[in-house]
Amino acid sequence: MIDADTTWQQACTALAGGDYETAFSVLDAALDEAIPARGKPARGGQATAARLCLYLGSLHALYGDAATEQLGTALSEARRLDPAVEGEPLYLALKAELDARTRGPEAAPPAGAAREAADPVARFHALCALALAEQPQAALDLHLAADELPAHLRWRLRSWQADCQEQLGHTADAINLYAEAAHLATGLDRAVMLQEQAALLIQDGRPEDAKTVLDNARLLYGSGRRAAINPMQAEDEGLNLATWHYLRAQALLQLDLPDAALDMIREADRLERQHGTPGYVVALLRGQILSHLGQQEKAIVAFEAALTLAEEGDRPYANHELGVALLDMDRPVEARDRLEIALNEPHYPYQPEVLADIAECDYRLGRMPEAQLAAEQALAQGAVIPASLVLGSVALDYFQLDEALEHYERVVREAAPDSRDWIIGHQMAADVMAQQGFPNPAAAVAHAQQALEHTPESDDWHGTLQDLLARAQTLLGQQDGRMLN
């Protein structure tokens, strides 16, 4: 007679080695024996057959949204075989997970019997249900240790917990949990977890750390060998490798290596087209890299492609990027149209930055009052650097030099050192001080020196800054041209 728990252990042994085909075969063979011709189970075998269906449902659940129909079928079959199974903690947990996958935050939370079950697999699926229903803290509060679970669920537990910490905005905790998930996983599962960790490191402004993690992930890919079937990957090896190249491109762009980043995003695009369909994020990042390289016409083509591929929630990002690229090409009318579309998306998180970009459009169109109003609103909402640059330009046009200097010095304080905005802030502050007649020549020297260090000789600003520096030093009595410390 078939024993459901023994069969499940055999399946778990196969799953621990990443052999999902064997795991399905073990469970299917046991069900064939327990239910001859898949009709009625042998006398007294209803509970065993129903339990096997639940284990099969647990396996289907690992495939996520792609297997909701199969999970539903497994649960229905378990009920048909033994109606009493509806009170089982594993059934309740799987049912809650299915409900959360189909209804999201509107799903009912898993029953207490599932959340407090002696069976750790039931608690695991209850945790999944809570995470999917956007109840991350409740999921994290559920008591479940990794070593209680079969090996194939241990790294998944840490992955789900990382996802919950990410939902709560606890990036550092999520990074550490993905690292632990990678340690517990093997093969391409480990690569995927490392890539999740790298994505958060990039988001956290740690591109060098992300690059190191991605180096480790790359070693786990075969040379053109397709991955074994694996539900947590969601895509085949080629698409996971496309994601690797996409993340690598992000890290390289943050490290100010745009040429290398462009090579990576081209390979990500090639792999996506070879193994699936072009993706919105790849097209968007390609546009960002091209913009960084000053190839604005190509960037606009990439952003337009991203807009075509984007789902509704992603469209404001593409419209914003497209608007900025058009503005960089000095096409403020077209840019403003795109930016207005992004501004009208109430849930877009970068609305203050959009307002600042609209202010820049209005400034270039000679609409000074409108530019000043939009920039002041953007400044009040937190877009300090771009709004201050526009306000500085407006103040200069009105010859309000003290106010202009205040805005540019704010840019210098707030912008990242050596960034483009930081350099512009120093350049403009030095220029305004010159127009004021160098009331504080020491400050003018400091601004000019900082700007000169990052301004190439081919830039028109280089000669202007040298002249400003010499004049300011003269006022300080530095007739020999020696730089001040």
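Is E166 buried, partly exposed or exposed? I looked it up: E166 is partly exposed, with a relative accessible area of 32%. My note on the terms: buried means under 20% relative accessible area, exposed means over 50%, and partly exposed is in between (1.4 Å probe, protein chains only).

Before going on, I wrote down that this is a predicted model, where local features need pLDDT of at least 70, side-chain atom pairs count only at pLDDT 80 or more, and totals for chains, interfaces and linings use all residues. Residues are numbered from 1 along each chain as its sequence is written, and side-chain values use heavy atoms, with hydrogens and water left out.

**E166**

I found E166 in helix 9 (residues 151–167). Helices here are DSSP runs (H or I, at least four residues), as strands are (E, at least two), numbered from the N terminus. I then listed what E166 touches, leaving aside neighbours within four places in sequence: A174, Y178, L200 and Q203. Contact means heavy atoms within 4.5 Å. I also checked E166 against D82, which is 84 residues away along the chain; their C-alpha atoms are separated by 39 Å.

**P110**

Next I went to P110, in the loop between helix 5 (89–103) and helix 6 (112–115). P110 is buried, at 6% relative accessible area. Not counting residues up to four places away in sequence, P110 touches A96, R115, A126, A129 and L130. From P110 to D28, 82 residues apart along the chain, I get 27 Å between C-alpha atoms.

**Aromatic rings**

How many aromatic pairs does the structure hold? I noted six. Rings of Phe, Tyr and Trp (its six-membered ring) pair if their centres lie within 6.5 Å; planes under 30 degrees apart count as stacked, over 60 as edge-to-face and the rest as tilted.

I looked at Y317 and Y348: this pair is edge-to-face, 4.9 Å centre to centre, with 85° between the planes. Y317 lies in helix 17 (residues 315–328) and Y348 in the loop between helix 18 (332–343) and helix 19 (351–364), so the pair ties together parts that are 31 residues apart in sequence. Y317 is partly exposed at 28% relative accessible area, whereas Y348 is buried at 7%.

Y317 also pairs with Y350: their ring centres are 6.3 Å apart and their planes at 75°, so I put this pair down as edge-to-face. Y350 is in the loop between helix 18 and helix 19, and Y317 in helix 17, so the pair ties together parts 33 residues apart in sequence. Y350 counts as partly exposed, at 41% relative accessibility.

Elsewhere I saw Y20, F24 and Y63 linked into a cluster by ring pairs. I also found the charged end of R218 over the ring of W244, 5.7 Å from its centre. A charge sits over a ring if NZ of Lys or CZ of Arg is within 6 Å of the ring centre and within 35 degrees of the ring normal.

**The cavity**

On a 1 Å grid over the protein atoms alone, a cavity is a set of points where a 1.4 Å probe fits but cannot get out, and lining residues have an atom within 4 Å of a point. The largest cavity holds about 40 Å³ of space. Its lining residues are Q372, E376, L391, V394, A395, Y398, Q400, E403 and H407. Helix 20 (368–380), helix 21 (384–397) and helix 22 (401–414) each give two or more residues to that lining, and helix 21 gives the most, with three.

Notes: 1 Å grid on protein atoms, 1.4 Å probe; cavity = no way out; pocket = protein on both sides within 12 Å on 5 of 7 lines; lining within 4 Å. Points joined across faces, edges and corners; volume = space filled by probe spheres on them.
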